[in-house]
Amino acid sequence: THVKHWTTTRLIKKLRSYIKKNNAKEMNYPMLHVREVDSLHFEAMTAIATDIKLPDNNEFAAKMLLKGGNLLEAQITGGHATIRKGFIEYENAMREYSWTSPAIPYQLIITDRTKERDTVKWVTKLCYPIL
């Protein structure tokens with residue numbers, strides 16, 4: 001189970017359009033956070049770092065992220081099941097080492113999923129902030 005691929009790519013496309021409309025530049029790959037609400041429902045949140053702070057509107061709100069800190073990172077290749085397994089492994093490490101997380105974990109979407117439909121070829125960086 002996962003958030004439908006078309007939903008997240010549509011969100012990223014809308015966000016990129018908003019960035020361009022405001023004459024900003026993307027500074028990194030799109031970020032994605034998926035939260036399982038229950039066995040049938042998920043919530044997705046997307047973000048893209050920009051060179052300037054963008055104005056809030058009814059659809060988008062700027063978030064300032066802290067730089068520095070400790071971040072578990074792993075670059076993986078594969079689709080939704082592989083990504084989910086990677087985050088499960090991070091959560092296991094969090095428990096094993098008694099780490100806590102000051103922020104939500106997220107994915108950096110390295111492969112443009114609108115251009116590459118084969119999930120086996122997707123490259124994603126998993127990021128998990130830790131204390």
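Select Leu32 and then Thr46, its bridge partner in S2. This is a predicted model, in which local features need pLDDT of at least 70 and side-chain atom pairs count only at pLDDT 80 or more, while totals for chains, interfaces and linings use all residues. Residues are numbered from 1 along each chain as its sequence is written, and side-chain values use heavy atoms, without hydrogens and water.

With 5 residues between them, S1 and S2 form a hairpin. Helices (H or I, at least four residues) and strands (E, at least two) are DSSP runs, numbered from the N terminus.

Now turn to the largest pocket, whose volume is about 1600 Å³. Of its 46 lining residues, Met31, Ala47, Lys63, Met64 and Leu65 are the closest to its centre. A pocket is an open set of points on a 1 Å grid over the protein atoms alone, where a 1.4 Å probe fits, with protein on both sides within 12 Å along at least five of seven lines, and lining residues have an atom within 4 Å of a point. The volume is the space filled by probe spheres set on the points, which are joined across faces, edges and corners.

Finally, select helix H1, which gives the most to this lining, with 5 residues.

How values were computed
Two strands pair if DSSP finds at least two bridges between them.
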